[in-house]
Amino acid sequence: MSSVAGNFADNGPIAPELEIGPNQSIRAAIFLRRSKLAEDARVDWVDYAKGFCIVLVVMMHSTLGVENALSSEGFVHPFVEFAKPFRMPDFFLISGLFLARTIERDWRLYLDRKVLHFAYFYVLWLTIQFAFKAPAIIAHSDGWTALRDYLTAFVEPFGTLWFVYILSVFFVTTKLLKGVPPLLLYVLAGALEVAHFHTGVLLVDEFAARYVFFLTGYIFSSEIFAFAAAVRSRPAQGFFGLLVWGVLNGLLVSVGYAQFPLVSFFLGLFGALAVISVAALLAEAKVFGVFRYFGRRSIAIYLAFFLPMALSRAVLVKTGVISDVGLVSMVVTCSSLMGALSIYHAAERLGWRCLFERPRMFRIAPIKIEQSLET
């Protein structure tokens, strides 16, 4: 099986992959992998960065949902706005960071790892989400509307799952354009972001707005790793850079310039570098390991947090046990994170691994013993 947590950004040991055919023992291969690669380590700051970003994403959805339900903004709202310029750019940058290790694979293997992998989880969790949403849709309209909305989600990414959908599009696009000079490709992608497309078609608009950040991780991966190493070796300079960036980002957000053409590109780029700086500093100090823990399970959290978020928000809003909007937002954020992890670990214990691991029947290539079996 293929672990969704281990395949999100390919943050595993930089070591040869182990392929096993259908006639080989998975248990034996796993033992082989663990014994041969036990001394290899994941890139710690990458996990920190992913963990930091998934917390920001969950906080954003939780906060905006609570504020919409209560028709009021709380003290968390300014921080959500502060993080808006770099919240998703960093996620996409990290997702492209290890692509150079896999883009030369043959198309069958590449599609299996980079398209079918995400397609499986998209369809599975789309179906799960609709199982919860369909009754409300049917109550307000009819069953045909619910079915239409479900089928439409296969061409127009649905809700929080859009990231999983578009990531596979980025992987295919980048391999198809592999022959294009990297600098030219980067300039074209940057032009798409600066153009600020607003077609109303989510896939088109988000592709234009986000692809350049995915390419940043792919094309400039060596420079990004060198940057993270430099921050770790010069923490004082790293802190100073974060301070300057924080003031500039906050100022541009507060005056409403953050979404201006070109400004949004640079805020996204430098914001992603700021997150990497924070991750590198935390990794070097070996503190706040909870972010690394979240990062190792970031895609599992991303897939499952919608349910505990909706449940905790509904309970808190209806009961009114907490009156402060900001505090409600924080409680819902924590409940969403912990709830998603509880679902993940419950699936492990109950044998429902298919919720977070892709079964062999949904493969078109030999099984790779994941570089990160430890999820």
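**Helix H7 and its partner**

I started with what H7 packs against: its buried residues (buried means under 20% relative accessible area, 1.4 Å probe, protein chains only) sit against helix H6, residues 107-140. Here contact means heavy atoms within 4.5 Å. Helices are DSSP runs of H or I with at least four residues, strands are E runs of at least two, and both are numbered from the N terminus.

I noted that this is a predicted model, where local features need pLDDT of at least 70 and side-chain atom pairs count only at pLDDT 80 or more, while totals for chains, interfaces and linings use all residues. Residues are numbered from 1 along each chain as its sequence is written, and side-chain values use heavy atoms, with hydrogens and water left out.

Which residues of H7 are buried? I found Thr145, Ala146 and Tyr150, in a helix that spans 143-152. Seen down the axis of H7, they fall within an arc of 135°, so they line one face of the helix; the arc is taken from the directions from the helix axis to the C-beta atoms.

I also checked the N-terminal end of H7, which Asp142 caps with a side-chain oxygen 3.0 Å from the backbone nitrogen of Trp144.

**Thr174**

I looked up Thr174 in helix H8, residues 162-176. Thr174 counts as buried because its relative accessibility is 1%. Leaving aside neighbours within four places in sequence, I see Thr174 in contact with Leu99, Ile103, Tyr211, Phe214, Leu215 and Tyr218.

**Tyr186**

Next I went to Tyr186, in helix H9. Tyr186 is buried too, with a relative accessible area of 13%. Neighbours within four places aside, its contacts include Val212, Leu215, Phe265 and Leu269. Thr216 is also on that list, and a polar contact of 2.8 Å joins the side chains of Tyr186 and Thr216. A polar contact is a pair of N or O atoms within 3.5 Å; within protein, one must be able to donate a hydrogen and the other to accept it, and residues adjacent in sequence count only if both atoms are side-chain atoms.

I also looked at Tyr186 and Tyr211: they are 25 residues apart along the chain, and their C-alpha atoms are separated by 9.1 Å.

**The whole protein**

How many helices and strands are there in the protein? I get 17 helices and four strands. Of the 375 residues, 52% count as buried. Among contacts between residues at least 6 apart in sequence, 85% join residues at least 24 apart.

Technical notes: Buried < 20%, exposed > 50% of the residue type's maximum accessible area, 1.4 Å probe, protein only.
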